[in-house]
Amino acid sequence: MKTIEKNTDFGILVLRVLVAGLLIFHGIDNFLSGYSFIKSMMAQSGLPEFMSYGAFIGEIIAPILIILGYKVRLASLFVALTMLIAILTTHAEEILALNQFGGWAIELQAFYLFGALAIFFTGSGKYAFSNKKALSIG
């Protein structure tokens, strides 16, 4: 039986594509709605509505950079900050709650937050546009 070789760089690529790829769907939905929900949550939290456009960077631009492997640490830090703000402004009362299925009420937001932090600490890995060695042929 052939053993599967350890490939940390490929694992990092999978993590980057998974976390950032799924987050982009939320970014597109917020973009198409004109960030109306986020604007209302910012207003309820006493924050200026223009901050809602930070979600564009945190949910669309930064995830694209993460997938491509360009400025990954900066982009993942921005995603983590975006998720932290989302948790504190929208889901604060759910931090210690369970959903109707017994799961953590903010598991999705926590997935994006801690996934972004994992990417921040691991970096882009070998398969990235910011890695000149990985992209050269020969």
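What is the handedness of the crossing of helix 3 and helix 4? It is left-handed. The model is predicted; local features need pLDDT of at least 70, side-chain atom pairs count only at pLDDT 80 or more, and totals for chains, interfaces and linings use all residues. Residues are numbered from 1 along each chain as its sequence is written, and side-chain values use heavy atoms, without hydrogens and water.

**View 1. Helix 3 packs with helix 4.** The angle is about 145°, and the axes lie 9 Å apart. Axes are lines fitted to C-alpha atoms over the stretch in contact, with angles from 0 to 180 degrees between N-to-C directions. Left-handed means that the near helix is turned anticlockwise from the far one by less than a right angle.

**View 2. Helix 1 packs with helix 5.** Here the angle is about 140° and the axes are 10 Å apart.

**View 3. The largest pocket holds about 510 Å³ of space.** A pocket is an open set of points on a 1 Å grid where a 1.4 Å probe fits, with protein on both sides within 12 Å along at least five of seven lines; lining residues have an atom within 4 Å of a point. The lining has 25 residues; Ile38, Glu59, Thr82, Met83 and Ala86 lie nearest the centre. Helix 4 gives the most, eight residues.

Methods
Grid points are joined across faces, edges and corners, and a volume is the space filled by probe spheres set on the points. Helices (H or I, at least four residues) and strands (E, at least two) are DSSP runs, numbered from the N terminus.
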